[in-house]
Amino acid sequence: MDKTILHLDLDTFFVSVERRLDSKLLKKPILVGGLSDRGVVAACSYETRGYGVHSGMPMKMAKELCPEAVQIRGNAGTYSQFSDVVTGIIKESVPLFEKSSIDEFYADLTGMDRFFGAYKYASELRHRITKETGLPISFGLSVNKVVSKVATNEAKPNNQLKIDYGLEKPFLAPLSIKKIPMVGDKTYQTLRNLGLRQIRTIQEMPMDIMQRVLGKNGTVIWNRANGIDDTPVIPFCDRKSISTERTFDRDTIDVIKLKGILIAMTENLAYQLRRGEKLTACITVKIRYSDFNTYSKQLRIPYTSADHILIPKILELFRILYNRRLLVRLIGIRFSHLVSGNYQINLFDDTEERLNLYHAMDHIRNRFGEKSIVRASAMGKNTIGRMHNPFDGRPPIVLAHRKQ
Ligand SMILES: [Mg+2]
């Protein structure tokens, strides 16, 4: 049966939130990001794009390219709150949705056509979101996730686009290969070197040529170029947390050791978040005392996957939680309210050095194993080590104590 899949994406989300809070910023070129000398652009308004500005570039360079731009230091807390409000509206409105990042959603509207007309329903939802939050949002509606996502990007800013059944290929044909979701800079260069520019050319090629050049990735790209995609909308509640815990052979009251283990656990789970390109917005610490009484404490936080933000918060929760002078039998942590998103969410707190440090540390872990590099305070503390991406769609047996 044909599906009806909606993709919703808030336009220049961080910039729009800043404008919602300060109307003087409307229509001005805006750079959101770290303001220090070594800061990085996390988001930029459409007005800056003509100057060659893009997210991820050094703030200093962006400022040179577009000197009249207003610079704003981002605030992950505020963005997370707005994201939650939008999520709430979508949750109320559609039967099945996936929050794929802080500002992006998929909803399965299959079957709705018979009753209301999915396009009309999606339009009303889009207007309601803008009315209630003041944020511009665009959508694409089609038979699958890939085509809808491309449609959203073509509709932007602040607009909507429906691709009728059967018209997926002609819609994609004239677009640049860069617009195929998942075609990053590297793949783009490889494809360009093959003389490919428009999606049409991939559509006309036999699939096995793409496969020979790009391996398994080639098949995925060929399918996407042809508007073929059968990935389901994954409900919001699925796979929303990762956790780890440790039961001691002998109960302990050694607080320094306990803190070291918590730090090692946090580093390990945060690394897994980054590997899976996920962010967490809720952390929990659990303690079981030797008398088997178990306590846990949880805290909502702005979306993040950064150790240096998570570790102090985990230790603070532990400090509040560990109030009985009793031996501890088990400790554990959990990250929940997970969404897709990369480390960019924390760009405004960070300098290039810090970003490079994370990249370097994760690179070493990818090559030599998760425990090959740890903070000094976490040295010698065993946590469960795993070398894989826990979010790659395989069954969730991979993480011990993983909660669904
Ligand atoms: Mg967006």
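This is a predicted model: local features need pLDDT of at least 70, side-chain atom pairs count only at pLDDT 80 or more; totals for chains, interfaces and linings use all residues.
A residue counts as buried if 20 or more other C-beta atoms lie within 10 Å of its own, as exposed if 12 or fewer do, and as partly exposed in between.

**Annotated residues**

- An unreviewed UniProt entry places the feature "binding site" at Asp-9 and Asp-103. They span 95 residues in sequence, yet no two of their C-alpha atoms are more than 5.8 Å apart, so they gather at one spot.
- Asp-9 sits in strand 1, residues 5-10. With 21 other C-beta atoms within 10 Å, Asp-9 is buried, because the cut-off for that class is 20 or more.
- Beyond its neighbours within four places in sequence, Asp-9 is in contact with Asp-103, Glu-104, Ile-137, Ser-138 and Thr-152.
- Asp-103 belongs to the loop between strand 5 (97-101) and strand 6 (104-108). Asp-103 is buried too, with 24 other C-beta atoms within 10 Å.
- Not counting residues up to four places away in sequence, Asp-103 touches Asp-9, Leu-10, Phe-13 and Ser-83.
- The feature "active site" is placed at Glu-104 by UniProt, again in an unreviewed entry. Glu-104 lies in strand 6.
- Glu-104 has 20 other C-beta atoms within 10 Å.

- Five strands form an open sheet in the order 5-6-1-7-8, and their pairing is mixed.
- Strand 5 and strand 8 (160-162) stand at the edges. Each has a single partner strand, so one side of each is left without a neighbour in the sheet.
- From one strand to the next, the twist averages 15°.
- Strands of a sheet pair through backbone hydrogen bonds, in either a parallel or an antiparallel sense.
- Strand 5 pairs with strand 6 in the antiparallel sense, over 4 bridges. Lys-99 stands opposite Phe-105 of strand 6.

- Helix 4, residues 76-93, lies across strand 1, strand 5 and strand 6. Helix 4 runs at about 160° to strand 5.
- Asp-84 is found in helix 4. The C-alpha atoms of Asp-84 and Asp-103 are separated by 9.5 Å, and the two residues are 19 apart along the chain.
- Two packed helices are described by the angle and the distance between their axes.
- The axes of helix 4 and helix 5 (residues 118-133) come within 10 Å and cross at roughly 145°. The crossing of helix 4 past helix 5 is right-handed.
- On the helix 4 side, the contact is made by Phe-82, Val-85, Val-86, Ile-89 and Ser-93. Helix 5 contributes Leu-125, Arg-128, Ile-129, Glu-132 and Thr-133.

**The nonpolar core**

- The largest nonpolar core has 92 residues. Leu-6 and Ala-107 have the most contacts inside it.
- Helix 12, residues 255-275, supplies the largest share of this core, with 10 residues.
- Leaving aside neighbours within four places in sequence, Ala-107 is in contact with Leu-6, Ile-90, Val-94, Leu-96, Phe-97 and Val-233.

- Most residues other than glycine have a negative phi, and most peptide bonds are trans.
- Lys-156 and Pro-157 are joined by a cis peptide bond, with omega about -5°. Pro-157 lies in the loop between helix 6 (145-155) and strand 8.
- Asn-158 lies in the loop between helix 6 and strand 8. Phi of Asn-158 is positive, near 50°, in a residue other than glycine.
- Asn-158 counts as partly exposed, with 15 C-beta neighbours inside 10 Å.
- Phe-292 is in the loop between strand 10 (278-289) and strand 11 (294-304). Phi of Phe-292 is positive, near 70°, in a residue other than glycine.
- Phe-292 has 8 C-beta neighbours inside 10 Å. Exposed means 12 or fewer, so Phe-292 counts as exposed.

Note on methods: Residues are numbered from 1 along each chain as its sequence is written. UniProt positions are given in the numbering used here, feature names are shortened, and annotations may be inferred rather than shown by experiment. Helices (H or I, at least four residues) and strands (E, at least two) are DSSP runs, numbered from the N terminus. Two residues are in contact if their C-beta atoms, placed from the backbone, lie within 7 Å. A nonpolar core is a set of buried Ala, Val, Leu, Ile, Met, Phe, Trp, Tyr and Cys residues joined through C-beta atoms within 7 Å. Two strands pair if DSSP finds at least two bridges between them. Axes are lines fitted to C-alpha atoms, for helices over the stretch in contact, and angles run from 0 to 180 degrees between N-to-C directions. A crossing is left-handed if the near helix is turned anticlockwise from the far one by less than a right angle, and right-handed if clockwise.
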